[in-house]
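Q: I would like to learn how to read aromatic pairs in a protein model. Where do I start?

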Amino acid sequence: MNKKLVAALSGGAALVMALTGCSDSDNGDKKLDDWAKKVCDQMQPQVKKIQDANSSIASVQNEEDSKKIQQTDSKAFQANADAYKALGSAVQNAGAPPVKDGETSQQNAVKALNDLSAAYTNLKKRMDGLDTGDKGKFAAGLKGIAGDIGKLSSQSDEALKKLQSGDVGKAMAKQPGCQKTSTSATPPKK
């Protein structure tokens, strides 16, 4: 019942990994490195929250108890909303990266992260409103939520890719808080 939701979250997890996985390259631009450090120092704890939330959703993918699924997913959606909001604030507070079109890239990334936060808040409300007493209606509601997760992760992907392109991505890759962690953010697909 919850498998489609887990599969849809894989797209969101890919978005988080896009934030944290850039190519390694050396760039001597101190201002850009300082900017990347401001963002990346704030990023790692939020990425961990998103990974943990997605893992909790994956942990109930074979659960039959609709109430348990609802409670777990609702809590995870709130954690994701809070983490994406904090990521948006980190990018906003760091200011525009000192590169061509840096301000536009920053604004687009902040908007994408804030939109993700709002979307997860909405998903939490929808999850809380599902009828756990009717397994058919609950399953249909989960399917709709899973479809929306897939849509929102693809919508936000472009702005984040643009923020991390070129020298910005290279500077972010050098920061410990933006390096890929060994923990996978993608829930297992079963």
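A: Start with the definition: rings of Phe, Tyr and Trp pair if their centres lie within 6.5 Å. This is a predicted model, and the structure holds two aromatic pairs.

Q: How is a pair of aromatic rings described?
A: By the distance of the centres and the angle of the planes. Take Phe77 and Tyr120: the centres are 5.9 Å apart and the planes make an angle of 45°. Planes under 30 degrees apart count as stacked and those over 60 as edge-to-face, so this pair falls among the rest and is tilted.

Q: Which parts of the chain does the pair of Phe77 and Tyr120 tie together?
A: Phe77 belongs to helix 3 (residues 66-94) and Tyr120 to helix 4 (residues 102-129), so the pair ties together parts that are 43 residues apart in sequence.

Q: Are Phe77 and Tyr120 buried or exposed?
A: Buried means under 20% relative accessible area. Phe77 has 0% relative accessibility, so Phe77 counts as buried. Tyr120, at 1%, counts as buried too.

Q: What is the arrangement of the rings of Tyr84 and Tyr120?
A: Their centres are 5.7 Å apart and their planes lie at 10°, so this pair is stacked. The pair links distant parts of the chain, with Tyr84 in helix 3 and Tyr120 in helix 4, 36 residues apart. Tyr84 is buried, at a relative accessible area of 1%.

Q: Which residues form one aromatic cluster?
A: Phe77, Tyr84 and Tyr120 do.

Notes: Residues numbered from 1 in each chain as written. Predicted model: local features only at pLDDT ≥ 70, side-chain atom pairs only at ≥ 80, totals over all residues. Heavy atoms only, no water. Phe/Tyr/Trp six-rings, centres within 6.5 Å; stacked < 30°, edge-to-face > 60°. Helix = DSSP H or I, 4+ residues; strand = E, 2+ residues; numbered from the N terminus. Buried < 20%, exposed > 50% of the residue type's maximum accessible area, 1.4 Å probe, protein only.
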